[in-house]
There are 2 protein chains.
Amino acid sequence: MRENPADEVAANAMLLERGGFVYKTMAGVYDYLPLGYRVLERITAIIREEMNAIGGQELLLSALQPKERWEKTGRWKTFADMYRFKDNSGREMGLAPTHEDAIAEIALRSIRSWRDLPLAVYQIQTKFRDEPRAKSGLIRGREFLMKDLYSFHRDENDLEKFYAVADQAYRRIYKRCDVPVYMTEASGGTFTKSLSHEYQVFSPAGEDWTIYCTKCGFAQNQEISTHKGGDACPRCGSTLDAGRSIEVGNIFKLGTKFSEAVGLSYTDETGVAHPVVMGCYGIGAGRLLATIAETHADSAGLVWPEAVAPFRAHIVALGSRDGAEERNIFSAAEKLYARLTRNKISALFDDRPDKSAGEKFADSDLVGIPTRVVISPKTMKKNSIEVKRRNQKEARIMTVKELISELRQIS
Amino acid sequence: MRENPADEVAANAMLLERGGFVYKTMAGVYDYLPLGYRVLERITAIIREEMNAIGGQELLLSALQPKERWEKTGRWKTFADMYRFKDNSGREMGLAPTHEDAIAEIALRSIRSWRDLPLAVYQIQTKFRDEPRAKSGLIRGREFLMKDLYSFHRDENDLEKFYAVADQAYRRIYKRCDVPVYMTEASGGTFTKSLSHEYQVFSPAGEDWTIYCTKCGFAQNQEISTHKGGDACPRCGSTLDAGRSIEVGNIFKLGTKFSEAVGLSYTDETGVAHPVVMGCYGIGAGRLLATIAETHADSAGLVWPEAVAPFRAHIVALGSRDGAEERNIFSAAEKLYARLTRNKISALFDDRPDKSAGEKFADSDLVGIPTRVVISPKTMKKNSIEVKRRNQKEARIMTVKELISELRQIS
């Protein structure tokens, strides 16, 4: 799209819609088009790798939830944003906004003894929340893809250990996605009476305010903080800052709230029964994508980090396909495409014959693929290509071999 | 679970639940546990490969659907099984039982000219249908993972060509999953006035009846057939059979029904506008998993085909971990596990110290991993292992090296 969509105020949604990454079906409900799905796939692949690395086993739980299950944990009434309805037979059900209630019940079947613990399972699954305000683009969705990990332990001490391991995995995920985070103390909401931790990214698009210390890393969500920007840091004495931020993840020590509600216990080595201690760990995959878009953009468009870019190279062939010289250019571009693909470097090929060089360059900047490769009459004569990194100003002339060697070093 | 679940009548659900593949949350609503998710992942990987091979581009559409979209195509009222409800603000919406209505609207943004055609997009996404009868286990789900491909063409002729290409891709998918299918003529339902094609697998668990010819492959869904078992085949004159069958896929020539409803047209080389011609192509991934379970089982449990098995080898270490000899056995089993993993042969290791050999063998048969490897005092002495294929009666004694070489040849 040439223009920003009229009904969006969030930069992430404007750029992602204009660039053909997403389609807006309703406020807070977005479809991932092929370009956007490729980014989402790369983000979920990173998340999967890190969850598997800490022993998480993947599963997939249902969105449809029976009322009875949520009544057991007391959240049928307290979880305000749950979509609730009756089916054709009159049975009341809801769409899962999260899965603590479900996983605690399901774990009843597999956790009996201390030998079954610890256990960590996760899913990358679509959640639904009837959000009253959904104007931050993909940052606050009514339907959104989320990674949720649940851990089960014999005691608080074992939970603490895993909580620290999960924290490290989260930091690796954000680092790989090039999103700098502050681990922030926050309220436990309907999940736990104790505090939770959020991962906050500073951005004007954020819906949260974080009070933080750049020196020691202390950070609290303003909602629970007794401090404000300008105060002395309670941990190191330095001056606190305050800033708008996006919550890109949260982790909770659930304790025994859900296990006691459903009767989830284990017997220890001496045959004594104890309630299972639980933790939960969430990352919105779509929100992370939107946050990367918010924090990796300039006036011309998106600037994807290499690790999550939909393609690594954007091949732009200039001119129509009509003249003999132009046929040569398109044929050279096709060869380049095949050669990059053989070298496992994904490439998008702009072969539109009816667009000017200016339009193609503007679209390439908007889409934000890290490396742009231009094939034109000028470069063809020198048997070379023009390479420009999206995050650099100057283009460079090089051979295809040099490009491949350079891209291999980046990956 | 030792016993079949009391509330199931379908063999697929009984075996999948007992074996720890799925958990039943409600009738027609199943959760995939880690073991089941691994099978689902292998099935969706096969589907993705074949869809990408015919030029399908993956995307991901929303489940939440605005009423207005479905009113345009006339299906808000006619699609009986759609879950419909109001959100907190009173807005009417539904959960997508399929996505023709959505994709036709979304395609308005990207299809303008003949140059944009043909186009094929697909997703592997969770659908919802308020099924009045959901007693066939995972075969008829209220919530189910489905692959749906949509194709866009300039004319019927181009659709016909792609329809044949998609048919070949479907046959490859079923063949790789070891499910023999009949391509069967069927009604077009709310999708099209012309006939559709279903892929039917013969099984007593099926909800359909298919009239078919084993000689020439002619097949019709009984609902539309003017023939019956015993009649002469209208194509080759041979005798027709009739059998209960499971529909594991369906393909439709939609024509211009949806494109005309939303105004989706393209301009040809001379500037004349035409409605886009569409096709759609569905495979229920969960239903395919259940069909494989139905058709690959014996009295002892599941017998997964190599291509979709959750693991390729099931290592069973006998005895408790207590004695010195048994510690040796467990240590040998752990070494075997590491060696198989290094050789990219996935393995499940039954290291439960509190189960008898009989229980472990019964569980191994139930879970149905293609190759069982037993490490016991008997084999340890000979520095070898006992290998039994799930679909063979006899166990064989061999070295680990021989096992690895054999499994490499199978894959």
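Copies of the chain were superposed by least squares on the C-alpha atoms of residues with pLDDT of at least 70 in both. On this basis, a rotation of 180° with 0.0 Å of shift along its axis brings chain A onto chain B with an RMSD of 0.0 Å, which is the relation of a two-fold axis. Within chain A, Phe85(A) has the C-alpha nearest the axis, 3.0 Å from it.

The model is predicted: local features need pLDDT of at least 70 and side-chain atom pairs count only at pLDDT 80 or more, whereas totals for chains, interfaces and linings use all residues. Residues are numbered from 1 along each chain as its sequence is written, and chains are lettered from A and ligands numbered from 1 in the order in which they are written.

Contact between residues (C-beta atoms, placed from the backbone, within 7 Å) links 32 residues of chain A with 31 residues of chain B. The largest share of the side of chain A that touches chain B, four residues, comes from strand 2 of chain A (strands being DSSP runs of E of at least two residues, and helices runs of H or I of at least four, numbered from the N terminus). Of the interface residues of chain A, 97% are also interface residues in chain B, so the copies meet through the same surface.

Within chain B, the axes of helix 2 (residues 34–53) and helix 6 (residues 156–176) come within 10 Å and cross at roughly 155°; axes are lines fitted to C-alpha atoms, for helices over the stretch in contact, with angles from 0 to 180 degrees between N-to-C directions. Helix 2 of chain B is therefore roughly antiparallel (over 145 degrees) to helix 6 of chain B.

Notes. Contact = placed C-beta atoms within 7 Å. Parallel < 35°, antiparallel > 145°, perpendicular 65-115°, else oblique.
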